[in-house]
Amino acid sequence: MCGIVGYIGNKPAYPILISGLKKLEYRGYDSAGISVIDDGKIKTFKCKGKVSDLEKHVKGNDLKGDIGIGHTRWATHGAPNDINAHPHKSQNGHFILIHNGIVENYARLKNKLIKRGYQFSTETDTEVLANLIEYIYLYGKISAEQAVRFALKKVIGAYGLVIICADEPEQLIAARKGSPLVIGIGDGEYFIASDATPIVEHTKSVVYLNDNDVAIITKDKLTLKTIGNIKLTPKIQTLDLDIGEINKGDFEHFMLKEIFEQPRSIQDTFRGRVSKERNTIHLGGLHEVMPKLVNARRIIIIGCGTSWHAALIGEYLFEEFARIPVEVEYASEFRYRNPVIYVDDVVIAISQSGETADTLAAVNQAREAGALVLGICNVVGSGISRATQGGVYTHAGPEMGVASTKAFTAQVTVLTMMAMLIGRKRFILGEKKYEKFISELQKLPSKIEEILKNNDHYKKIAGLYVNSNNFIYLGRGYFFPVALEGALKLKEISYIHAEGYPAAEMKHGPIALIDENMPVVVIAPKDDSYEKIVSNIQEVKARGGIVIAVVTKGDKTISEIADHVFEVPSTLLALAPLLTVIPLQLLSYHIAVMRGCNVDQPRNLAKSVTVE
Ligand code: G6P
């Protein structure tokens with residue numbers, strides 16, 4: 001969703017802001033803008049479209065200023081157009097600001113400001129914020145920093161903000177509540193951003209703002225305080241992010257790069273945690289909470305999008321290997337339905353970004369109810385990882401493609417390790433079986449390499465169905481969530497309507513859709529329900545449907561009935577989701593590319609959904 005960059009230092013701000021905005025493009029956005037303080041004047045340029053459109057818009061203007069802010073907007077209040085794009089100026093021009101998040105009480109604040117003579121030229125909640133700060137500043141005859149702090153006390157909602165005051169042009173003011181902000185510390189310069197990707201090329205020393213923090217930044221000083229004016233000591237951390245990880249390298253798209261990274265990212269997820277020699281799984285982030293986890297009355301797993309699909313696989317894993325009842329729920333539903341939460345429940349929140357608004361809110365709710373709340377996050381230091389009492393990082397590396405691929409397989413890898421470990425500690429998983437799992441887990445990267453070698457085959461099959469309007473994905477057991485994920489990947493990036501179903505449910509509706517124009521992707525490796533899925537395939541074929549089947553290498557039966565097969569090496573059933581999902585990711589990728597879609601930034605989607 002929206003992205004923020006800010007710069008204050010001795011270099012021209014404009015190129016740093018533009019390059020920063022390009023690094024944030026992966027989050028998804030529909031308009032962009034910048035403000036630079038040039039010769040004491042604030043110059044603002046903004047427009048609908050991409051950062052490259054903004055560059056064209058600015059062209060010919062020689063911006064030399066060394067202080068500035070930039071924003072990519074994902075529309076919430078008001079259409080994506082030039083006027084609603086950020087930065088937003090207050091009515092009398094004293095303040096200009098960029099904002100991530102949502103001001104929930106904006107309508108009330110707006111009405112009050114209208115009564116006090118303010119007029120509004122945009123539909124945004126951000127303009128309300130700019131005018132509120134200005135009103136308090138002028139009315140109270142106070143400093144910009146005081147006005148910002150006082151105004152924010154009146155705001156209900158979430159914000160990551162960077163503010164310029166025209167009367168105090170030597171500083172930037174940043175504030176956070178619910179929407180991340182990180183400040184990079186250079187030599188006589190500071191960088192501000194909504195995540196570390198625009199900062200890492202300049203410095204690795206960073207300070208993450210906490211909720212209710214306000215930062216006052218001049219070229220040579222960072223002052224941190226709370227919104228209530230209590231001084232804080234900035235906690236400087238070193239970024240664990242490599243610049244190479246946020247570049248596409250030789251790949252055409254981030255998504256393709258991330259699909260091909262999976263042998264390594266899965267290895268990174270279990271590296272140092274799984275030892276074949278000692279036959280152990282060690283998850284440091286769960287050490288302290290392990291007694292409670294092992295004795296949990298129930299596990300509730302929450303997430304959104306792809307993370308929710310990983311959670312579903314977690315349900316099968318925990319129930320099978322740890323014999324603990326599991327409920328899986330969309331974070332957005334969980335938080336609003338007054339769920340029954342017991343103090344001996346364990347709630348696991350899964351989130352790649354660690355910032356998804358609904359998941360974060362659900363985490364806080366579960367904590368208030370007294371449950372043990374754990375996180376499975378990819379982004380280190382993210383909101384959810386900080387709000388939880390323990391957890392496991394996925395260590396998949398930065399994921400830039402909006403459609404999640406390597407983060408998903410890393411999440412499933414973590415869930416697998418957790419289920420095995422808890423199952424072993426509960427004496428449900430015997431030593432031999434545990435040993436077998438550990439050894440098979442370690443073979444997965446090379447098996448994924450094998451699957452990736454068939455990329456041309458997936459591409460060829462993709463070419464046959466590039467003009468299809470609908471797809472159905474079917475799977476049973478562990479492969480039902482894989483079917484959901486396969487369908488989600490296709491609709492996210494190619495805009496083809498696709499639905500995932502448990503294969504047996506096909507007869508209760510989707511079968512009515514099957515005809516010679518309907519490709520049906522069936523995830524059917526050899527497992528206990530193999531015969532049943534073969535019957536499902538027969539049912540599709542009997543109605544003229546096209547079957548693309550993901551099968552275990554060497555499968556003869558399905559190869560004879562299906563139109564196309566994608567073979568995956570054999571592994572333990574519980575690990576097979578990690579293999580079977582790979583051809584589905586590549587199928588979606590190729591179809592989307594052939595349809596001319598923007599694979600890395602699909603329309604209307606955002607990488608990190610920081611509003612509910
Ligand atoms: C967005 C992204 C998805 C992601 C979902 C949950 O919809 O486009 O790829 O699965 O958010 O995000 P999270 O960061 O919480 O895993």
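I start at the ligand: one of its oxygen atoms is 3.1 Å from a polar backbone atom of Val402. A polar contact here is a pair of N or O atoms within 3.5 Å; within protein, one must be able to donate a hydrogen and the other to accept it, and residues adjacent in sequence count only if both atoms are side-chain atoms. Of the ligand's 390 Å² of accessible area on its own, the protein covers 91%. Those areas come from the Shrake-Rupley method with a 1.4 Å probe, and for residues only the protein chains shown count as cover.

This is a predicted model, where local features need pLDDT of at least 70, side-chain atom pairs count only at pLDDT 80 or more, and totals for chains, interfaces and linings use all residues. Residues are numbered from 1 along each chain as its sequence is written, and side-chain values use heavy atoms, with hydrogens and water left out.

Back to the ligand. A polar side-chain atom of Thr356 is 2.4 Å from a ligand oxygen, and a polar backbone atom of Thr306 is 3.0 Å from a ligand oxygen. There are 14 residues around the ligand, and Ser307, Ser351, Gln352, Ser353 and Thr356 come nearest; a residue counts as near if one of its heavy atoms lies within 4 Å. By type, the shell has four nonpolar, eight polar and two charged residues. Nonpolar means Ala, Val, Leu, Ile, Met, Phe, Trp, Tyr, Cys and Pro, charged means Asp, Glu, Lys and Arg, and the others, Gly among them, are polar.

Which helix gives the largest share of that shell? Helix H9, residues 305-321, with three residues. Helices (H or I, at least four residues) and strands (E, at least two) are DSSP runs, numbered from the N terminus.

H9 packs against helix H13, residues 406-425, at about 20 degrees, with the axes 9 Å apart. That makes H9 roughly parallel to H13, the term for angles under 35 degrees, with over 145 roughly antiparallel, 65 to 115 roughly perpendicular and the rest oblique. Axes are lines fitted to C-alpha atoms, for helices over the stretch in contact, and angles run from 0 to 180 degrees between N-to-C directions.

Two loops to finish. His86 and Pro87 are joined by a cis peptide bond, omega about 0 degrees, and Pro87 sits in the loop between strands E4 (67-73) and E5 (88-89). Asp39 has a positive phi, near 55 degrees, in the loop between strands E2 (31-38) and E3 (41-48).
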